[in-house]
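Subject: A structure for you to look at

Hi there,

Here is the structure I promised to pass on. Have a look at it first, and then read my notes below.

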Amino acid sequence: MGMTANTLHRLMARHRRTRATTLRLFAGLWAVAMACALTTGAMAQQNLFSPVAHVNDSVVTRYELNQRIALGGVLAGGISQEDALNALIDERLRLQAAARAGVVASEEEIAQGIEEFAARGSLSTQELLDALGRRGVAAETLRDFVSAGLIWRTYIRARFASRVNVTEAEIDRALQQVRPGGGLTVAMSEIFLPARTPSERAQSERLAQRIASNATIGSFAAAARQYSVAPSRTSGGRIPSAPLGNLPPPLRTAIQGLSPGEVTAPLSTQNAIGIFQLRALSETDTPTPDAVAIEYAAYYIANGQDASGLAKAAKIKADIDTCDDLYEIAKGQPEEVLQIDTLPVGEIPNDVAFELAKLDPGEVSTALTRADGATRVLLMLCGRSYDASDSEAPDREALANNLRSSRLASIADSHLAELRADAIILID
């Protein structure tokens, strides 16, 4: 049957209404989708720049933390989120102190600092920036990192350089350390205080300052028994005497500037801070050159605080004579259970370096833990390499300059500890 004109007209009108409705529906859905996309993007942007820490009147953002972790991956082979955040917090404290003193860095100084930083790796500035860019590190992140260090060094020199005095007796002592045919041995006591969180670290730094002020041999030993978390607390913090050259560089520098009875500024480790008291410094006929590299083994034992973990550590300690023996102990276990490294002394973590300083080759320490005590570290010293190039002692002026630089670095660490103790630090 044929279609009339009226019927055709009604069908075409219905089609136009359906098409218009469909278009309006698609337009509505598109608007909703775009709104969702914009909202999601805004939320991601907001989260990216949301604070992860407040440091007095300043903040550290999620973006800065991610960038510092990426930068640490390039420059240091990796850095934990906790260490990256602590580094950024310290950086904020340094910059705040410098700003109060009116210390800034010019663009020319920053550019030169970046160029010198790149040259350490035999790279041009652009080559370094390109390498970092490929790993997701922004050029501004490197600029902030370098400029913060430059400003802090300028501030420290301006504020404290006039207070750094090196006496002739200290130069004589340093000469004794490097002169062929003789050396120095140190007797020390230690106190380690917990610093697992920023608030705990600030509390321990205040306690360390109280212990160090007007300390005597007896009062330091009493404080070690009461407060220290190191195994040496049972002996009042006393640790075995050691050649000065075997100490890790930060401790060696700090001890050289002390008289018997005096206490170092706080020295940071992974989850604690340590202070050391010099009890005695004696000359020996045996040369004690500085150790330049150390080979050591670290075997990680689960359930480190439990009786089973402690028993396992004691058994292994009794069964091994050399670092190579640990390969047999670790056989069939995950590769990360055993770590044997030879590292320059400056690259060894402070808490490991402090323990190794107490050991002779083949000796073992089980004092350290990881993962908030859940993992026991069986640490064994394999051997030390010494600097044999100094067959002649350096001149007195060179030694004096080295002592001044080291002393200034120690003062800077102590000043930063004070800034942390006085700061309001909130982790989001």
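Let's start in a loop: Asn 56 sits between strand S1 (51-55) and strand S2 (58-61). Helices (H or I, at least four residues) and strands (E, at least two) are DSSP runs, numbered from the N terminus. The phi of Asn 56 is near 55°, a positive value in a residue that is not glycine. Most residues other than glycine have a negative phi. Asn 56 has a relative accessible area of 35%, so it counts as partly exposed; buried means under 20%, exposed over 50%, and partly exposed in between (1.4 Å probe, protein chains only).

Before going on, please keep in mind that this is a predicted model, where local features need pLDDT of at least 70, side-chain atom pairs count only at pLDDT 80 or more, and totals for chains, interfaces and linings use all residues. Residues are numbered from 1 along each chain as its sequence is written, and side-chain values use heavy atoms, with hydrogens and water left out.

How confident is the predictor? The score is pLDDT, its confidence in each residue, from 0 to 100. The mean for the protein chain is 82, and 83% of its residues reach 70 or more. Where pLDDT is low, the predicted coordinates should not be read in detail.

Overall, the protein chain has 14 helices and twelve strands. Of its 428 residues, 40% are buried.

Now find Ile 424, which touches His 54, Val 55 and Asn 56, leaving aside residues up to four places away in sequence. Ile 424 is in the loop between H14 and strand S12 (425-427), and is exposed, with a relative accessible area of 57%. Its C-alpha atom is separated by 8.9 Å from that of Ser 199, although Ile 424 and Ser 199 are 225 residues apart along the chain.

The axes of helix H3 (residues 81-100) and H14 come within 10 Å and cross at roughly 95°, which means H3 is roughly perpendicular to H14. Axes are lines fitted to C-alpha atoms, for helices over the stretch in contact, and angles run from 0 to 180 degrees between N-to-C directions. Angles under 35 degrees count as roughly parallel, over 145 as roughly antiparallel, 65 to 115 as roughly perpendicular and the rest as oblique. In H14, Leu 416, Leu 419 and Arg 420 meet H3 residues including Asn 86, Ile 89 and Asp 90.

Happy exploring!

Technical notes: pLDDT = per-residue confidence, 0-100. Contact = heavy atoms within 4.5 Å.
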